[in-house]
Amino acid sequence: MLNIASNTIDKIGNAGILGTPLQAFCFVNGFPMSLDGEKVASHYPYVPPHVSSTMQATSICTHVNGIRVVRKFDLSTCGDDLSIVTNQFCFSD
Ligand SMILES: [Zn+2]
């Protein structure tokens with residue numbers, strides 16, 4: 001089981017997952033659950049593809065609006081993984 005990620009506070013390296021949350025009714029720790037395809041803020045080394053990547057969720061069991069939730073260690077399209085997930089009590093496959 002892996003921690004479900006939330007928009008705004010969970011991070012790849014030192015960059016937050018930003019952009020517009022893809023949904024606004026399922027929350028964890030008070031922040032919207034992060035979903036497949038969500039934009040990632042520009043982060044080190046600040047060159048393509050790290051300036052405009054999106055999350056690639058792999059959860060099989062947990063979806064919001066039919067879209068997979070992002071979990072710890074899921075990869076961004078730039079190849080970096082979601083290393084910092086603050087939620088410690090809400091998990092998915
Ligand atoms: Zn990256």
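1. Let's start in the middle: the largest nonpolar core has 14 residues, and V69 and V70 have the most contacts inside it. A nonpolar core here is a set of buried Ala, Val, Leu, Ile, Met, Phe, Trp, Tyr and Cys residues joined through C-beta atoms within 7 Å. Buried means 20 or more other C-beta atoms within 10 Å of the residue's own; exposed means 12 or fewer, partly exposed is in between, and the C-beta atoms are placed from the backbone. In soluble globular proteins, nonpolar side chains tend to be buried together.

2. A word on what you're looking at. This is a predicted model, where local features need pLDDT of at least 70, side-chain atom pairs count only at pLDDT 80 or more, and totals for chains, interfaces and linings use all residues. Residues are numbered from 1 along each chain as its sequence is written.

3. How confident is the predictor? The protein averages a pLDDT (confidence in each residue, from 0 to 100) of 91, and 98% of the residues score at least 70. Among the elements, strand β3 (residues 15–16) has the lowest mean, 70, while strand β8 (residues 67–68) has the highest, 96.

4. Now the layout: you'll find 0 helices and 10 strands. These are DSSP runs numbered from the N terminus, with helices (H or I) needing at least four residues and strands (E) at least two.

5. Back to V69. Setting aside residues up to four places away in sequence, V69 touches I4, M33, S34, L35, A57, S59, T62, H63, V64 and S92. Contact means that two C-beta atoms, placed from the backbone, lie within 7 Å. Across the protein, 56% of contacts between residues at least 6 apart in sequence join residues at least 24 apart.

6. Have a look at L82, in the loop between β9 (75–76) and β10 (91–92). L82 counts as buried because it has 25 C-beta neighbours inside 10 Å. L82 and A5 are 77 residues apart in sequence, yet 8.5 Å apart in space, C-alpha to C-alpha. Beyond its neighbours within four places in sequence, the contacts of L82 include A5, V70 and F73.

7. Where are the cis peptide bonds? One joins Y44 and P45, with omega about 10°, and another joins P48 and P49, with omega about 5°. P45 lies in the loop between β5 (31–32) and β6 (55–56), and P49 lies in the loop between β5 and β6.

8. Finally, check T8: its phi is near 85°, a positive value in a residue other than glycine. T8 counts as partly exposed, with 16 C-beta neighbours inside 10 Å.

Definitions and conventions:
pLDDT = per-residue confidence, 0-100.
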